[in-house]
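Please view the sequence and the model side by side.

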Amino acid sequence: AVKAEFQIEKRTGVAAASQKFRISDLYDLILADYAQQAFRSVRDVKHRWKNHLKPAFGDVLCAELTVDHQDRYIAQRQHAEAEAGTINRELSVIRRLFKLAHIAGKVPAIPPFRHLKETNIRQGFLLQAECDRLAAHAQPIGIRGLLAVAYAYGFRRGECLDLRVRQVNLVNGTIELNRKQVKNDQAKVVVMTADVKNVLALCIVGKQPDDHAFTWAHGGAIRDFRETWKQLFAAAGVPLKLFHDLRRSAVRNMVNRGIDRDTAMRISGHRTASVFSRYNIVNLDNLRDAALKIAAGAQDETAQDETDTQTDSRPEGQPKADDTVQ
């Protein structure tokens with residue numbers, strides 16, 4: 001079937017045309033695709049293309065891309081200490097380019113692509129006491145609001161930064177995100193805790209409905225807060241964590257506090273149970289608590305077994321202690 005497909009493409013000129021196309025000639029295809037699909041991650045694609053992919057693959061002819069090109073790229077990125085997941089996401093952009101080009105009839109086939117085993121899944125999370133210390137030092141109020149919302153509900157960075165005043169309903173006590181703001185394309189509503197409501201009230205006071213909820217002291221929307229984030233952790237005496245670690249922390253907290261999985265997934269915005277479970281980080285305290293519950297359960301069952309044994313060993317015809325004698 002593959003040979004027959006190639007023969008058709010050869011007759012129609014696709015195979016010959018692919019000899020002229022360089023990978024950089026396909027770049028506009030992915031930009032158009034992301035625009036059509038309204039994917040919010042187009043900024044990531046642009047960053048990866050400009051800083052890493054274009055220098056390595058841009059001048060390569062589509063018909064000449066091999067796994068050797070990919071192996072050299074992987075070695076280069078590993079030397080720069082890029083993680084396996086990062087490299088896989090970068091190569092997936094090139095693979096997407098070829099898929100779109102194949103659909104458009106620009107290349108005859110999609111070449112094989114490397115995929116590294118990802119063993120670097122992050123395990124960072126923030127304890128409640130640590131979050132409380134950070135909140136006490138967080139300035140301006142917009143940074144404190146970011147911290148509160150992300151730690152309580154596991155909102156993604158983009159969801160937080162794009163939150164508008166009109167989406168915070170202090171009367172109903174809710175935050176509403178529309179489908180375009182959420183990665184899985186599903187709108188969601190959460191009910192604010194008292195702490196979150198108090199800090200958001202301070203964040204939005206005096207603002208217009210379309211203004212950003214989280215802003216700097218001068219009124220500009222918070223976008224890049226990396227330096228402020230580092231300074232906050234240093235001031236609070238808390239080991240530095242990624243902002244995304246707040247998402248893991250929120251999932252872990254919801255599970256530990258007894259919120260059922262389906263509700264927790266709706267709050268955090270996880271579409272699949274497998275990814276949600278990966279975010280539910282289990283630490284040593286969880287394991288100690290599990291050991292205590294196992295031991296307590298074993299003692300309870302042993303005591304029950306002994307009671308049952310004593311009851312079953314009574315003389316024949318003797319009624320049980322709880323039997324009613326007629």
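## Basis

This is a predicted model: local features need pLDDT of at least 70, side-chain atom pairs count only at pLDDT 80 or more, and totals for chains, interfaces and linings use all residues. Numbering runs from 1 along each chain as its sequence is written, and side-chain values use heavy atoms, with hydrogens and water left out.

## Aromatic pairs

Eight aromatic pairs turn up in a search of the whole structure. Rings of Phe, Tyr and Trp (its six-membered ring) pair if their centres lie within 6.5 Å; planes under 30 degrees apart count as stacked, over 60 as edge-to-face and the rest as tilted. Phe225 and Trp229 have ring centres 5.8 Å apart and planes at 75°, so they pair edge-to-face. Phe225 also meets Phe243: the centres are 5.5 Å apart and the planes at 75°, so this pair is edge-to-face too.

The Phe225–Phe243 pair links distant parts of the chain, 18 residues apart. Phe225 sits in the loop between helix 10 (194–204) and helix 11 (226–236). Phe243 sits in the loop between helix 11 and helix 12 (245–256). Helices here are DSSP runs (H or I, at least four residues), numbered from the N terminus.

## The cluster and its burial

Which residues do ring pairs link into a cluster? They are Phe225, Trp229, Phe233 and Phe243. Phe225 and Trp229 are both buried. Buried means under 20% relative accessible area, exposed over 50%, and partly exposed in between (1.4 Å probe, protein chains only). Phe225 has a relative accessible area of 5%. Phe243 is at 10%, so it counts as buried.

## A charge over a ring

Arg252 lies over the face of Phe125, 4.3 Å from the ring centre. The criterion is NZ of Lys or CZ of Arg within 6 Å of the ring centre and within 35 degrees of the ring normal.

## Backbone exceptions

Most residues other than glycine have a negative phi, and most peptide bonds are trans. The bond from Gln139 to Pro140 is cis, with omega near 0°. Pro140 lies in the loop between helix 7 (128–137) and helix 8 (141–153).

Glu81 is not a glycine, yet its phi is positive, at about 70°. Its place is the loop between helix 5 (67–79) and helix 6 (84–103). Glu81 is exposed, at 71% relative accessibility.

## Cysteines

The structure holds zero disulfides (a disulfide is a pair of cysteine sulfur atoms within 2.5 Å). Cys62 is buried at 6% relative accessibility. Cys203 is buried at 3%.

Methods
Helices (H or I, at least four residues) and strands (E, at least two) are DSSP runs, numbered from the N terminus.
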